[in-house]
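Please read them alongside the coordinates.

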Amino acid sequence: MISFVNAKLNLGLSVVRKREDGYHDLETIFIPAGELCGLPHEPGTLCDILEMVPAAADSFETLGADAGCPLEQNLVWRALQSFRRAFPEAQPVRIILDKRLPSGAGMGGGSADAGFALRMLNEINGSPLSATQLAEIARSLGADVPFFLYNRPCFATGIGERLTPLEIPQLRGKTALILKPSEGISTAQAFANITPHPAKVKLTEAIRLPIEQWRALIVNDFEAAMFRIHPHLIHIKEYLYGSGALYASMTGSGSAFFGIYADREAALSALEGASTAFATIINL
């Protein structure tokens with residue numbers, strides 16, 4: 001079984017409050033970034049490739065950017081161990097993960113791998129775990145992991161694990177250009193430099209407006225803090241708007257940015273002039 005693992009983008013991100021447990025309550029909208037299957041294997045293509053087949057014993061191999069990640073820290077391996085604890089009769093599997101999604105980008109690459117792995121493990125074993133059980137395992141692995149079980153636009157609250165699916169018809173037929181500089185931003189650094197505050201707009205209402213109006217309303221709270229620490233990042237957002245994006249934003253805690261364009265031709269034109277370390281376009 002092979003899955004083409006997509007990332008995610010955030011439409012708006014408000015850090016509402018710091019909780020007693022040290023985590024932060026958020027309000028954001030997650031959307032999948034990439035295709036679910038059949039994505040062409042081209043340089044810059046936005047996907048990881050996860051292969052999982054029945055075997056005599058569990059094994060795991062990582063190719064690409066995360067080849068040096070310690071096994072016990074890899075979210076796919078942790079997902080396998082958590083699934084096996086929930087279902088001890090699980091079939092042993094051989095897993096190969098080809099990492100292509102950029103790291104430190106705020107696009108949830110590791111969480112995506114874990115979410116897809118849980119879905120594949122459940123399918124290989126005849127779906128012994130319910131959606132609720134899978135979601136519980138996903139939450140234990142990371143705040144973004146449950147989204148990849150839904151893998152459709154969702155309004156997220158709590159630490160990002162409370163998900164309400166929604167429709168965003170304005171995105172149909174649009175194309176996004178994703179740009180990421182060479183450096184990444186750690187989640188810890190991002191949260192250490194932000195002051196929580198109540199959301200200034202109701203995101204579920206703002207998202208219903210025409211995309212051209214999102215610029216004045218839908219904000220990622222991490223942008224202002226990251227622009228102070230990494231001033232050159234603001235030029236990426238300025239480039240997206242200057243090249244015709246209807247809406248542009250940092251995703252997650254950065255460092256990747258995305259612009260939404262009216263059509264593929266406009267996004268391709270903007271891609272040609274981009275100069276970041278990573279650049280690609282996706283259909284929304």
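1. Arg 19 is partly exposed, with a relative accessibility of 26%. The model is a predicted one, and this value, like the others below, is computed from it.

2. The partner of Arg 19 in a salt bridge is Asp 25, with an N to O distance of 3.1 Å between the side chains. Asp 25 counts as buried, because its relative accessibility of 13% falls under the 20% cut-off.

3. Arg 19 and Asp 25 also belong to a network of salt bridges, in which they are linked with Arg 17 and Asp 21.

4. Lys 99 and Asp 113 form a salt bridge through their side chains, at 2.8 Å from N to O. This pair ties together parts that are 14 residues apart in sequence, because Lys 99 sits in strand E6 (residues 93-99) and Asp 113 in helix H2 (residues 109-124).

5. Are the two ends of the Lys 99 and Asp 113 pair buried or exposed? Lys 99 is buried, at 9% relative accessible area, and Asp 113 is buried too, at 3% relative accessibility.

6. Arg 172 and Glu 167 make a salt bridge with an N to O distance of 3.7 Å. Here Arg 172 is exposed, with 58% relative accessible area, and Glu 167 is exposed with 56%. Both values count as exposed because the class begins over 50%.

7. How many salt bridges does a search of the whole structure find? The count is eleven, and the pairs described above are among them.

Methods
Residues numbered from 1 in each chain as written. Predicted model: local features only at pLDDT ≥ 70, side-chain atom pairs only at ≥ 80, totals over all residues. Heavy atoms only, no water. Salt bridge = Lys/Arg side-chain N within 4 Å of Asp/Glu carboxyl O. Buried < 20%, exposed > 50% of the residue type's maximum accessible area, 1.4 Å probe, protein only. Helix = DSSP H or I, 4+ residues; strand = E, 2+ residues; numbered from the N terminus.
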